Amino acid sequence: MKIKILISVLSAASIITAMPAMAEEKPVTEQLVDTLTTLSGGPHAGFRSNHAKGVMLEGTFQPSAQAASISKAAHLQKADSPVLVRFSDATGVPNIPDANGNAFPKGIAIRFQLPDGLSTDIVSISVNNFPAATPEDFLGLLNAVRDSQNSTAKPSPVEQFLGSHPAALKFVTTPKPAPVSFATQPFFGVNAFKFTNAAGQSVYGRYQIIPVAGAQYLTKEAADAAAPDYLMTDIGERVKANAVQYKLLLQIADKGDEVNNATVQWPESRKIVELGTLTLKSLVADSKAKEKTLMFNPLQLTEGIEASQDPILLARPTSYAVSFGRRLGK
Ligand code: HEM
């Protein structure tokens with residue numbers, strides 16, 4: 001008996017001494033999910049560790065006449081590809097009020113159904129830049145926010161971080177007004193991709209998803225008075241009355257533009273090509289059940305579209321897969 005207790009104490013002790021080393025060895029992509037979970041007061045079983053609150057719709061995508069000159073991707077040639085879209089609020093808080101300051105940026109995830117059972121995704125946000133150029137820096141920012149929650153230090157860890165990271169400061173100070181509706185919110189791809197047409201010509205570009213209804217925002221007073229689920233409810237009511245449409249645009253990089261750094265915006269004067277029109281026609285009937293079993297992936301690509309070497313873009317699928325696995329209880 002004594003021996004058994006000793007062994008269990010010893011093994012517990014060895015687990016405890018091994019723990020700090022194991023925690024440090026976790027990949028950054030997993031540490032990011034851990035901190036996102038902590039920041040949202042999670043884990044919240046069955047929900048995404050970021051962009052937890054969402055709503056799903058379905059519709060079609062119609063490519064423009066010039067889309068094929070940019071890429072040979074199937075949905076940029078073929079009419080009426082079916083699409084599945086998920087709009088979301090930021091953070092891993094499943095019931096965050098839609099107009100809450102932490103519920104920004106808003107998200108849009110689009111899955112295009114391609115021939116032969118294939119699909120390709122676009123996953124974008126409502127701000128045209130990102131706070132960090134690398135996953136390590138993003139983790140630094142999130143950890144600084146976490147460490148500031150119970151800190152009396154002046155400046156706080158997050159103030160210190162923002163003081164030495166101008167891109168993060170720019171992102172947190174970019175105005176993020178509450179939209180009237182998801183149907184009046186523009187979205188931006190932020191990460192660049194390489195597009196190749198049938199003639200083998202390539203360009204780098206970043207997506208913009210622009211509402212046909214135009215960008216429209218609430219006044220501060222209206223946002224303060226908005227119902228907690230006003231965006232999620234509104235979009236369902238809108239599509240019952242009329243289809244909701246967006247133009248899918250591509251901002252094309254010039255020679256010398258930074259394609260591997262999501263913190264660097266390209267000048268507005270860059271050429272913009274319209275790739276097509278997204279038309280959302282109805283809510284997904286079993287939205288809540290469906291979104292749980294689905295993982296959108298910005299690197300779910302198809303022939304004619306390739307990833308850039310942006311370290312943020314390359315890190316995303318691993319973090320998303322960790323979050324997805326936890327959502328499924330794995
Ligand atoms: C290293 C950087 C990033 C990390 C660690 C990260 C982390 C995450 C995680 C863990 C999720 C939940 C995924 C799931 O459970 O299915 C998520 C969702 C999402 N992320 Fe990111 N993200 C990063 C960068 C970005 C960027 C650059 C964008 C857009 C430009 C973005 C937009 C979104 C959106 C829209 C969703 C919700 C997708 C959905 O509806 O399923 N994220 N992110």
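Predicted model: local features only at pLDDT ≥ 70, side-chain atom pairs only at ≥ 80, totals over all residues.
Biologist: How confident is the predictor in the chain, going by mean pLDDT?

Modeller: The mean is 93 on a scale from 0 to 100. Residues at 70 or more make up 93% of the chain.

Biologist: Which residues have pLDDT under 50?

Modeller: Residues 1–19 stay under 50. For that stretch the model has 0 contacts beyond four places in sequence.

Biologist: The chain has 10 helices and 10 strands. Why is S4 called largely enclosed?

Modeller: A residue is buried if 20 or more other C-beta atoms lie within 10 Å of its own. In S4, 5 of the 7 residues are buried, so the strand is largely enclosed by the rest of the structure.

Biologist: How do you know that S3 and S4 pair?

Modeller: Pairing requires at least two bridges. S3 (107–113) and S4 (119–125) are strands that have 7 bridges between them, in the antiparallel sense. Gln-113 stands opposite Ser-119 in S4. The two strands form a hairpin, with 5 residues between them.

Biologist: Why is Asp-116 called exposed?

Modeller: Asp-116 has 5, so Asp-116 is exposed. Asp-116 sits in the loop between S3 and S4. Its phi is positive, about 65°, although Asp-116 is not a glycine.

Biologist: Thr-91 also has a positive phi. Why is Thr-91 called buried?

Modeller: The cut-off for buried is 20 or more. Thr-91 has 22 other C-beta atoms within 10 Å, so Thr-91 is buried. Its phi is about 80°, although Thr-91 is not a glycine. Thr-91 lies in the loop between S2 and S3.

Biologist: Pro-105 is found in that loop between S2 and S3 too. What is the omega of the peptide bond from Phe-104 to Pro-105?

Modeller: Omega is near 0°, and the bond is cis. The bond from Gly-42 to Pro-43 is also cis, with omega near 10°. Pro-43 lies in the loop between H2 and S1.

Biologist: Now the ligand. Which residues come nearest?

Modeller: Arg-48, His-51, Gly-107, Val-190 and Ser-323, out of 32 residues around the ligand.

Biologist: Which element gives the most to the shell around the ligand?

Modeller: H10 does, with 8 residues. H10 covers 311–327. Elements that each supply at least two shell residues include H2, S2, S3, S4 and H4.

Biologist: How many residues of the shell are nonpolar, polar and charged?

Modeller: The shell has 17 nonpolar, 11 polar and 4 charged residues. Gly is counted among the polar ones.

Key: Residues numbered from 1 in each chain as written. Contact = placed C-beta atoms within 7 Å. Near = placed C-beta within 6 Å. Helix = DSSP H or I, 4+ residues; strand = E, 2+ residues; numbered from the N terminus. Buried ≥ 20, exposed ≤ 12 C-beta atoms within 10 Å, placed from the backbone.
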